[in-house]
Amino acid sequence: MDQLRLRDDRLRPVAAKVLAGRRLDRDDGVVIASTADLLGVGRLANLVRERLHGNRTYYNVNRHLNPTNVCVASCGLCAFYVPWKEKDRGWTYTVEEAVDVAARDVDESVSELHIVSGLHPKLKVDYYEELFRALKIRFPWVHLKALTMVELDFLASLSRTTVEEVVDRLKKAGLDSCPGGGAEIFAPRVREQICDHKTSGERWLEVASIVHRLGLKSNCTMLYGHVERAEERVDHLLALRVQQDASGGFQCLIPLAFHPANTELDHLPSTGGRLDLQTIALSRLMLDNVPHLKAYWIMLGEKVAQVAQHFGANDLDGTIHDERITQAAGGSAGTGISRRRLEFLIREADRIPVLRDTLYREIDPSLSGGSSAGSDVASSTADSGPPASVAVS
Ligand code: SF4
């Protein structure tokens with residue numbers, strides 16, 4: 001206990017539980033989220049991180065793909081979408097165009113395509129079936145991590161079927177796992193302000209349970225740093241923990257730092273490093289049944305992501321070529337980073353880089369060649385922005 005050098009006495013009972021490997025409760029979470037002893041909670045979270053993963057930090061080589069940014073949900077938190085009425089301002093790729101966009105920087109080193117979109121009222125499940133089949137034909141080695149719980153829920157109602165049917169059809173077409181977006185903060189008070197037309201928190205969890213029951217892994221997220229309170233962050237993590245106890249399919253939690261630029265909430269400040277690091281630590285300490293915790297460099301910035309590896313995080317996500325969602329919200333970390341740079345960010349933080357696939361299986365870096373997205377020199381994304389809008393229907 002002494003080497004934790006805690007400055008807030010309220011952290012002592014929390015530390016006793018962490019040292020004994022016991023589960024923390026809501027009151028513990030509120031103390032962790034609200035204490036001024038940032039370094040104290042960092043040491044506690046680091047203890048758990050090193051217990052789980054030693055000195056290793058994972059990363060992968062991946063590319064994002066957003067088939068459309070047209071969306072009927074109009075979330076106040078979002079700078080990415082174009083409303084349906086103004087769809088000509090946005091983009092909607094045909095299947096062929098989406099494959100061509102992916103091909104700009106997918107080579108044999110890329111192990112994952114992260115595919116998310118707006119909720120487009122004309123793109124039903126058959127569009128995604130066709131897209132996944134086409135991507136698997138063109139890039140058979142690439143894992144397709146696609147469609148958030150919100151998108152799956154929307155596709156089911158748009159296609160007048162069940163989530164079970166949607167997942168089953170998409171699995172047959174090539175869907176390998178699901179990303180964790182759309183969870184935001186589950187509290188209805190917050191959702192009313194930031195995403196009132198979107199799938200509820202309760203439904204998000206229900207769809208996750210279906211995805212896990214049908215044999216797919218997924219990730220989970222928490223969007224913080226907007227109108228939520230510390231207690232609501234804690235409750236969000238506890239709801240994920242309950243779901244994970246029941247269905248067990250979450251591989252990784254990604255705390256997402258809110259970027260207000262170009263959103264309806266642009267009067268709010270961006271998150272500071274303190275909230276970023278304290279939220280990483282809180283997440284690691286409360287979510288004791290989700291193995292991995294990501295420091296998403298594209299939202300945190302490279303430097304905070306480095307430090308986060310000592311506040312509970314054990315994953316930096318990936319090379320992330322052609323990320324558009326954070327960029328639309330004024331993200332300053334850029335998009336597209338080389339493997340060499342990612343490994344530098346890990347080694348300089350005194351951690352050991354481990355190249356992984358989407359399911360956290362290690363990849364031998366010497367067997368992962370490539371000349372663009374994963375190469376030592378990051379390819380420029382300056383020429384890979386969205387083309388002029390193309391109507392699908
Ligand atoms: S956050 Fe997602 S669902 Fe909401 S407006 Fe943006 S793209 Fe649409």
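Is Ile320 buried or exposed? Ile320 is buried, with 27 other C-beta atoms within 10 Å; buried here means that 20 or more other C-beta atoms lie within 10 Å of a residue's own, exposed means 12 or fewer, partly exposed is in between, and C-beta atoms are placed from the backbone. Keep in mind that this is a predicted model, where local features need pLDDT of at least 70, side-chain atom pairs count only at pLDDT 80 or more, and totals for chains, interfaces and linings use all residues. Residues are numbered from 1 along each chain as its sequence is written.

- As background, most residues other than glycine have a negative phi, and most peptide bonds are trans.
- You'll find Ile320 in the loop between S10 and helix H14 (325–328); helices (H or I, at least four residues) and strands (E, at least two) are DSSP runs, numbered from the N terminus.
- Leu147 is not a glycine either, yet its phi is positive at about 75 degrees.
- Leu147 sits in the loop between S6 and helix H6 (149–158), and it counts as buried because it has 28 C-beta neighbours inside 10 Å.

**The sheet S10-S1-S11**

- This open sheet has 3 strands in the order S10-S1-S11, paired in parallel; two strands pair if DSSP finds at least two bridges between them.
- Its edges are strand S10 (315–318) and strand S11 (352–355), each of which pairs on one side only.
- On average, neighbouring strands here are turned by 25 degrees against each other, direction ignored; the axes are lines fitted to C-alpha atoms, for helices over the stretch in contact, and angles run from 0 to 180 degrees between N-to-C directions.
- Strand S1 (residues 56–60) pairs with S10 in the parallel sense over 2 bridges, while 4 bridges join S1 to S11, also parallel.
- Tyr58 has a bridge partner on either hand: Asp315 in S10 and Val354 in S11.
- S1 is mostly covered, with 4 of its 5 residues buried.

**The sheet S2-S5-S6**

- Here's another open sheet of 3 strands, with the order S2-S5-S6 and parallel pairing.
- Strand S2 (62–65) and strand S6 (143–146) are the edges; each has a single partner strand, so one side of each is left without a neighbour in the sheet.
- Neighbouring strands of this sheet are turned by 20 degrees against each other on average, direction ignored.
- Strand S5 (residues 112–115) and S6 run parallel and share 4 bridges.
- Across that pairing, Leu113 stands opposite Leu144 in S6, and Ile115 has Ala146 of S6 as its bridge partner.
- In a regular strand the side chains alternate between the two faces of the sheet.
- S6 is covered on both faces, with His143 and Lys145 buried on one side and Leu144 and Ala146 buried on the other.

- Leaving aside neighbours within four places in sequence, Leu253 is in contact with Cys220, Met222, Leu240, Ser283, Leu287, Val290 and Leu293; contact means that the C-beta atoms, placed from the backbone, lie within 7 Å.
- Thr279 belongs to helix H11 (residues 273–286), and it counts as buried because it has 25 C-beta neighbours inside 10 Å.
- Not counting residues up to four places away in sequence, Thr279 touches Tyr224, Arg233 and Pro255.
- Thr279 and Asp266 are 13 residues apart along the chain, with 21 Å between their C-alpha atoms.

**Around the ligand**

- The residues surrounding the ligand include Cys71, Cys75, Cys78, Phe80, Tyr81, Cys195 and Lys198; a residue is near a molecule or strand if its C-beta atom, placed from the backbone, lies within 6 Å of it.
- By class, this shell has 9 nonpolar, 2 polar and 1 charged residues; Ala, Val, Leu, Ile, Met, Phe, Trp, Tyr, Cys and Pro count as nonpolar, Asp, Glu, Lys and Arg as charged, and the others, Gly among them, as polar.

Definitions and conventions:
Contact = placed C-beta atoms within 7 Å.
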